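Please consult the sequence and structure below.

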Amino acid sequence: MNSLKLFARRTSAAFYNPTSSFSPYYRSLSSSVSAPPNNNNKLFVAGLSWSVDERSLLDAFSNFGEVTEVRIMYDKVTGRSRGFGFVYFAKDDFAVSAKDAMDGKELLGRPMRISFAVDRVRGDPTMVSRIRDSEAAIRYKN
DNA sequence: GTTGAGCGTT
């Protein structure tokens, strides 16, 4: 019974909508005190060409400010790129301007889709807000 | 020699 309710709640669109009172983020929005689900200094970069490595990703993003770390996710067995990665900036402003400039731009022939990274939480599946990043960045500011 | 939406390690 309870597990059924939980399933229904988690699969509802309201659960994933931070503006909904069904969402676990609703309280943090109301109080604007808790940690935001989005990191404004970490970028999630998807749509990467298989041949893009961390070096070329760093080169592409280091013009916008200090990049503290770059990661590309590789397949455990084949060792090939999974086509997405993360870029960590020293400041939020760097990430914001990098996203604005690079989102949709091509790297090695493929357009990158960039958004602000969400924190992965142990256990639960990662929840990605369905609202636009630009909107989220404003909404979750501080 | 392949594929193409996505939110990850210690």
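The model is predicted: local features require pLDDT of at least 70 and side-chain atom pairs count only at pLDDT 80 or more, while totals for chains, interfaces and linings use all residues. Residues are numbered from 1 along each chain as its sequence is written, chains are lettered from A and ligands numbered from 1 in the order in which they are written, and side-chain values use heavy atoms, without hydrogens and water.

Helix α4 spans residues 54-61 and contains Ala 60; helices (H or I, at least four residues) and strands (E, at least two) are DSSP runs, numbered from the N terminus. Ala 60 is buried because its relative accessibility is 13%, the term buried meaning under 20% relative accessible area (1.4 Å probe, protein chains only). In α4, the buried residues are Ser 56, Leu 57, Ala 60 and Phe 61. Viewed down the axis of α4, these buried residues fall within an arc of 125°, so they line one face of the helix; the arc is that of the directions from the helix axis to the C-beta atoms.

| Residue | Contacts |
|---|---|
| Ala 60 | Met 102, Leu 107 |
| Leu 57 | Leu 48, Val 52, Val 70, Arg 71, Ile 72, Val 87, Leu 107 |

A nonpolar core is a set of buried Ala, Val, Leu, Ile, Met, Phe, Trp, Tyr and Cys residues joined through side-chain atoms within 4.5 Å. Within the largest such core, of 19 residues, Leu 43, Leu 57, Phe 61 and Val 87 touch the most other members. Two or more residues of this core come from each of β1 (38-46), α4, β2 (67-74), β3 (81-89), α5 (92-102) and β6 (113-118). A second, separate core has five residues, among them Ala 46, Phe 86, Tyr 88 and Ala 117.

Methods. Buried < 20%, exposed > 50% of the residue type's maximum accessible area, 1.4 Å probe, protein only. Contact = heavy atoms within 4.5 Å. Lists of a residue's contacts leave out its neighbours within four places in sequence.
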